[in-house]
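Below is a short briefing on a predicted model.

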Amino acid sequence: MLISESKANYRVGQLYMIAKHSEEQSQTGEGVEVLKNEDCCDPVHGKGRFTEKRIYVSSRLPVWSQRLIAKICNYFYVTEKAWNFYPFTITAVDHVSSCCQGRYLKE
């Protein structure tokens, strides 16, 4: 595949599309909360960008589980960590958590 854009322009476009997708996936009362967004460096991939996001997913669960969670929890989220080294992206789901009756439970 031939790309006519420069590497710098492609990186900006890639970051823009990731942010746009996060915004599109956000719904009323839910969405993506960015906890960290900072430069990073890897000995293999070089300079990159590290982001840590909390993705609230209650409305994306099956209806039966949404009803169950609504009775006992305020919200349900997944923590995602991503290292973006153009053209590579490394993504990890750190943990799944919920807030139930004012206390945090980690599964």
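Beyond its neighbours within four places in sequence, N84 is in contact (heavy atoms within 4.5 Å) with R11, Q14, L15, I18, G48, R49 and T89. N84 belongs to strand β3, strands being DSSP runs of E with at least two residues, numbered from the N terminus. The N84 residue is buried at 7% relative accessible area; buried means under 20%, exposed over 50%, and partly exposed in between (1.4 Å probe, protein chains only).

This is a predicted model, in which local features need pLDDT of at least 70 and side-chain atom pairs pLDDT 80 or more, while totals for chains, interfaces and linings use all residues. Residues are numbered from 1 along each chain as its sequence is written, and side-chain values use heavy atoms, without hydrogens and water.

**Salt bridges**
- The structure holds 3 salt bridges, each a side-chain nitrogen of Lys or Arg within 4 Å of a carboxyl oxygen of Asp or Glu.
- R54 pairs with E33 at 3.9 Å, N to O; R54 lies in strand β2 (residues 46–56) and E33 in strand β1 (residues 32–42), so the bridge ties together parts 21 residues apart in sequence.
- D39 pairs with R49 at 2.5 Å, linking strands β1 and β2; D39 is exposed at 60% and R49 partly exposed at 24%.
- K53 pairs with E80 at 3.2 Å, linking strands β2 and β3 across 27 residues; K53 is buried at 11%, and E80 is buried at 18%.

Conventions
Helix = DSSP H or I, 4+ residues; strand = E, 2+ residues; numbered from the N terminus.
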